[in-house]
Amino acid sequence: MRDGGEGPGTVSWELRDGKIVRLGKCIVGEMGTAGTVRFLSRNGNEMYYLAGVGDEAVPRRAGFRDISGAASYDMELPPDGARKTVRRFAGASGAAYVLLCPGAKGGGCRLYRAEFNTGKATFIKGVRDFALLESKPVILREKKGGFEIFFNGVSLPLILEGDPRFGEVLEGRLIPVTDGGSTELVDLADMRSIHAWSGGAALAVPGEHNLAIEVLDEGGTPTEKMLYYKVYIDGKNLGRTTTGPAQQTRRCNVKVDENEYHILRLERWELNVGRQTYERVNNIGQPAPLRIYMPQNRFLKLLVVREKGKYRSFVTHAVDGDN
């Protein structure tokens, strides 16, 4: 962390052995802190740190120092023994942010905000990662069936799995988020996903269609039951899937508007062998409507699986060959 106040590149601040030290050609000073410093973040002349006592696994004190000497604060964070891993720490505009998780993987995390002027600490549940842009938090959080970015009061769904994380903010507005396999690049100024890629496979690009729908029955004894699904988007019938055995995939490709949510409803029709006609299945056997967000310039795949009379669904990026 360079300090340009005493000549370009001559002085820096670093974390060494639990202490914040000021370096020139050698250590020329030490910043007074409460406890052993575990994490350090700098924003201009503002220095933020997390400190604990001795070998504490989770730091319990947050601190703020203005390296020009104008202000100095320390405050206690609320105890949270269930969350023992600091996933990310940063500070800006007089507030420190620390993301505490139960372990190195997965959910159950909380994002704490320590405001030094008031001495108050608040937290948000379900946060997987965060970044600061113009001193405001960009939050990657869990949502039903997936994840979303929340910034400036606007949310954006993401087509990611596993344990996604943020990369560095680029050009003051772009942020990559990856689950280890797929990555989306989000424009925070417009709150839209502008590009996606995967390390293992080429992603399909939209053409005549941008949504592939696949439906199949899983489990149980294989049957010769024949069926198809009618496809409705926002109340409009856009066609139907292929016809065939229930335990083989029934498919249909459709085109929907980008950067919008859509309500998708599938209607199951089965062959009445005696009458040799297809009949609509009773409501109890129908899938529930789904709400889907279609990003810009993306080809998505919706997989709907029926097992033991119940449906579950997954949305993923389509790869070459799906369209």
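A residue is called buried if its relative accessible area is under 20%. The model in view is a predicted one, and by this criterion Tyr 97 and Phe 130 are both buried.

A pair of aromatic rings is described by the distance of the centres and the angle of the planes. For Tyr 97 and Phe 130 the ring centres are 6.0 Å apart and the planes stand at 40°, so the pair is tilted. Because Tyr 97 lies in strand β10 (residues 95–101) and Phe 130 in strand β13 (residues 127–133), the pair ties together parts that are 33 residues apart in sequence. Elsewhere, ring pairs join Tyr 48, Phe 64, Tyr 73 and Phe 116 into a cluster.

Aromatic rings also meet charged side chains: Arg 141 lies over the face of Phe 150, at 4.3 Å from the ring centre, while the charged end of Arg 240 sits over the ring of Tyr 228, 3.7 Å from its centre.

The largest cavity has a volume of about 40 Å³, and its lining consists of Leu 211, Ile 233, Val 256, His 262, Leu 264, Ile 292 and Met 294. Strands β26 (260–272) and β28 (290–294) each contribute at least two residues to that lining, which by class comprises 6 nonpolar residues, 1 polar residue and no charged residues.

Definitions and conventions:
Residues are numbered from 1 along each chain as its sequence is written. This is a predicted model: local features need pLDDT of at least 70, side-chain atom pairs count only at pLDDT 80 or more; totals for chains, interfaces and linings use all residues. Side-chain values use heavy atoms; hydrogens and water are left out. On a 1 Å grid over the protein atoms alone, a cavity is a set of points where a 1.4 Å probe fits but cannot get out, and a pocket is an open set with protein on both sides within 12 Å along at least five of seven lines; lining residues have an atom within 4 Å of a point. Grid points are joined across faces, edges and corners, and a volume is the space filled by probe spheres set on the points. Helices (H or I, at least four residues) and strands (E, at least two) are DSSP runs, numbered from the N terminus. Ala, Val, Leu, Ile, Met, Phe, Trp, Tyr, Cys and Pro count as nonpolar, Asp, Glu, Lys and Arg as charged, and the others, Gly among them, as polar. Rings of Phe, Tyr and Trp (its six-membered ring) pair if their centres lie within 6.5 Å; planes under 30 degrees apart count as stacked, over 60 as edge-to-face and the rest as tilted. Buried means under 20% relative accessible area, exposed over 50%, partly exposed in between (1.4 Å probe, protein chains only). A charge sits over a ring if NZ of Lys or CZ of Arg is within 6 Å of the ring centre and within 35 degrees of the ring normal.
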